[in-house]
Amino acid sequence: MSSDRVAARAARLRRLRDTDAGLALLRADLLPALAAVLTERFTPTQRNWPSAEFLELLADDLDVLRDAGFDLPRTAQDYLSEWVRQGLLIRRAGEAREEIIELSPATARALRFTADLEAPHSAVTSSRLSNLAELLARLAVDTDPGQASRLETLRRQRDQLDAEIAAVEAGRYTPLSDDLALEQLTEIVHLAAEIPHDFGQVSAALEDLNRGLREQIIGQTGSRGDVLDEVFAGVDLLENSEAGRTFAAFHALVLDPEQSVALDEAVDSVLSRDFTAALTRDEVIFLRRLLTTLQRESTQVRQVMTGFSRSLRRFVETHAYREHRRLSSALAEAQSAAVAASRVARLFDPSGYVLDSSSVSIRSISSWGLHNPADVRTAQPVTAHVAAPLDLAMLRRQVRESEIDFAELRGAVVDVLRRRPVASIADVLSEHPASQGLASVVGLLLLAHSAGSRADGVESLSWRAVTGAPRTVSVARYVFHQVPDEWRTA
C-alpha cells in the first residue's frame with residue numbers, strides 16, 4: 001500500500017514539474033538574474049506594475065546585470081513576453097484599459113523559497129512556540145463542550161490576569177527584553193509579509209472555481225442541473241465556496257473599524273520602541289503600510305470575486321451557456337468524426353477540399369538569402385580632396401547671389417541725400433544702378449517702407465536682368481527725407 005502511495009505521489013510531482021511555473025523558475029538558467037529582478041520589483045507593498053513602466057524598469061535592470069557580467073542577449077520586451085508565456089508573470093487589464101503586470105502565485109512561492117535560501121529564517125524560536133501554545137489553548141477553550149471544564153479554564157485565566165494586574169499596580173513587572181521583543185517582531189514581519197502574496201493565490205483559486213462552475217454548466221446534460229438550479233435560485237456559489245467563505249471572514253475583519261484602529265495603534269506603539277532600530281528601512285515601511293496594504297489587496301480580491309459572481313449569473317440568466325453547450329457538442333462530434341476517420345485515412349491523404357488561407361505564406365528557411373556586406377561595399381577607392389584657401393571675394397559674390405545687399409542700398413540712399421533734400425527710389429537708382437537686378441529694387445522698396453514715406457503718384461523703376469535685357473516696373477512713389485543715424489555710420 002505504501003508503494004502505491006509513493007508511485008501516486010511521484011506521478012503528481014511529475015505533473016507539477018511539467019506544469020508549475022514556480023518549479024520552472026527554480027530550474028531556469030537565468031534563475032539568479034530573474035529572481036533578483038522580480039524580487040526587487042515586486043514587493044508586498046508593490047504587487048503589480050503598469051506594463052509600460054515595468055518594461056522600462058526591466059530594461060534598466062538588464063543593462064545593470066549585463067554590466068555585472070550576466071549573459072542576457074535578448075531585449076526586455078522579449079524576456080517579458082517569454083515570462084508571461086511561461087506563466088511566471090500575469091498580464092491583467094487594469095483601470096482605463098491599462099495593462100498590469102503581476103507575479104503568478106507559483107512564482108511568488110518560488111521567490112519566497114529563494115529568499116529563505118538566501119537569508120534563512122529560523123523556525124525554532126520561543127515566540128513561535130508561544131504563539132503555537134496560545135493558539136492551541138484558545139482553540140481548546142473555544143471548542144470545549146463541557147460547562148464545568150470551560151468555567152474552570154476561564155476562572156484560571158481570570159486569576160492569572162488578576163495576578164498580573166496586581167503586580168503591575170505594585171510596580172513588580174519587567175518589560176520584555178529587547179532580544180525577545182526583536183525575535184517576536186521579526187516573526188510577525190515574516191508572517192505578515194506572506195499575507196499579501198496569499199491574495200494572489202486566493203484570486204487564482206476563485207478563477208479556477210469560476211472556470212470549473214462554467215465547465216459544469218456547459219457539460220451538464222439536460223435542460224437543468226444542480227449548478228444551474230442554484231444559480232437560478234440566487235445562490236452565490238463563489239461566495240459560499242470554501243475559499244469564498246474564508247476570504248469573506250478575512251475581508252470583514254480587515255475592514256472592521258475597531259480592528260483597524262487597534263492594529264494601527266499597535267504598529268505605532270511597537271515602532272516607537274528602541275529595539276525596532278534593528279529593523280531595515282523596508283521592514284519599517286512595510287509595517288507602517290500594513291493595514292493599508294491589507295485593505296487595498298483585500299478590496300481588489302473582493303472586486304474579483306464580485307465580478308466573477310456577476311459574470312456567472314449573466315452567463316446563466318442570458319442563456320449564453322446554451323451556445324457554449326452547442327459549441328461543445330459540435331467540437332465533441334468533430335473529434336469523434338476525426339477519430340473514426342483516422343482509422344481509414346492517413347494524415348496526408350488528399351481530402352478534395354481547398355481551404356483558402358488568410359495568413360502569410362510559410363517558406364522554408366532554405367529559401368532565405370543571407371546578407372552579404374560585400375554586396376554594398378564601395379568598389380572604387382575613395383578620393384580625398386584638399387580644401388583650397390577661402391576666397392573672400394568669391395564668398396561675397398555667392399552671398400550676394402542668394403541675399404539682398406542691404407548695406408550697399410542703405411549707403412546709396414545716404415549718398416543721394418547728401419546732395420538733395422528729398423530723393424525717391426527712382427532717384428537713387430538713377431545714380432546707383434541696381435547691381436543685383438530685381439533684388440536691389442525689392443530691397444529699396446523694403447527700406448522705403450521702413451524709413452521713407454508714401455508720396456502721390458507712381459514712378460517707373462528700371463534695372464537690367466542677368467541676360468542684360470532692360471526691365472521696367474511701375475510702383476507707388478516713395479521718397480526719403482531723412483534716414484536713421486546708423487545708416488550713416490554703417
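This is a short chat about the fold of one chain in a predicted model.

Biologist: Quick overview first. How many helices and strands does the chain have?
Modeller: There are 20 helices and six strands. This is a predicted model, so keep that in mind throughout.

Biologist: What share of the 490 residues is buried?
Modeller: Buried residues account for 26% of them.

Biologist: And the contacts between residues at least 6 apart in sequence: what percentage join residues at least 24 apart?
Modeller: That figure is 63% for the chain.

Biologist: Let's go to the helices. At what angle do H3 and H4 pack?
Modeller: About 135°, with the axes 11 Å apart. H3 covers residues 31–41 and H4 covers residues 51–67. That angle makes H3 oblique to H4.

Biologist: Is the crossing left-handed or right-handed?
Modeller: H3 and H4 cross in the right-handed sense.

Biologist: Which residues make that contact?
Modeller: H3 brings Ala33, Val37, Leu38 and Arg41. From H4 come Phe54, Leu57, Leu58, Asp61 and Leu65. By class, the H3 contact with H4 has seven nonpolar residues, two charged and no polar ones.

Biologist: H4 also packs on H5. What are the angle and axis distance there?
Modeller: The angle is about 115° and the axes lie 9 Å apart. H5 spans residues 76–85. The crossing of H4 and H5 is right-handed.

Biologist: Who is in that contact?
Modeller: On H4, Ser51, Phe54, Leu55, Leu58, Ala59 and Leu62. On H5, Ala76, Gln77, Tyr79, Leu80 and Trp83.

Biologist: How do the residues of the H4 and H5 contact divide by class?
Modeller: Nine are nonpolar and two are polar. None is charged.

Biologist: Switching to the sheet. What is the strand order?
Modeller: E4-E6-E5, three strands in an open sheet with antiparallel pairing. E4 (423–424) and E5 (453–464) are the edge strands. Each has a single partner strand, so one side of each lacks a neighbour in the sheet.

Biologist: How many bridges join E5 and E6?
Modeller: Nine, in the antiparallel sense, with E6 at residues 470–480. Does a helix cover it, you'll ask next.

Biologist: What stands opposite Arg454?
Modeller: Tyr478 in E6. Further along, Val458 stands opposite Ala476 in E6.

Biologist: And the hairpin of E5 and E6: which residue takes a positive phi?
Modeller: Gly468, with phi near 95°. The hairpin has five residues between the strands.

Biologist: Last topic. Where is Val483?
Modeller: Val483 sits in the loop between E6 and H20, and H20 is 485–489.

Biologist: Buried or exposed?
Modeller: Val483 is buried, because its relative accessible area is 9%, under the 20% cut-off.

Biologist: What is Val483 in contact with, leaving aside neighbours within four places in sequence?
Modeller: Val413, Val414, Leu417 and Arg488.

Biologist: How far apart are the C-alpha atoms of Val483 and Gly452?
Modeller: They are separated by 7.8 Å. Along the chain, Val483 and Gly452 are 31 residues apart.

Conventions: Residues are numbered from 1 along each chain as its sequence is written. This is a predicted model: local features need pLDDT of at least 70, side-chain atom pairs count only at pLDDT 80 or more; totals for chains, interfaces and linings use all residues. Side-chain values use heavy atoms; hydrogens and water are left out. Two strands pair if DSSP finds at least two bridges between them. Helices (H or I, at least four residues) and strands (E, at least two) are DSSP runs, numbered from the N terminus. Axes are lines fitted to C-alpha atoms, for helices over the stretch in contact, and angles run from 0 to 180 degrees between N-to-C directions. Angles under 35 degrees count as roughly parallel, over 145 as roughly antiparallel, 65 to 115 as roughly perpendicular and the rest as oblique. A crossing is left-handed if the near helix is turned anticlockwise from the far one by less than a right angle, and right-handed if clockwise. Contact means heavy atoms within 4.5 Å. Ala, Val, Leu, Ile, Met, Phe, Trp, Tyr, Cys and Pro count as nonpolar, Asp, Glu, Lys and Arg as charged, and the others, Gly among them, as polar. Buried means under 20% relative accessible area, exposed over 50%, partly exposed in between (1.4 Å probe, protein chains only).
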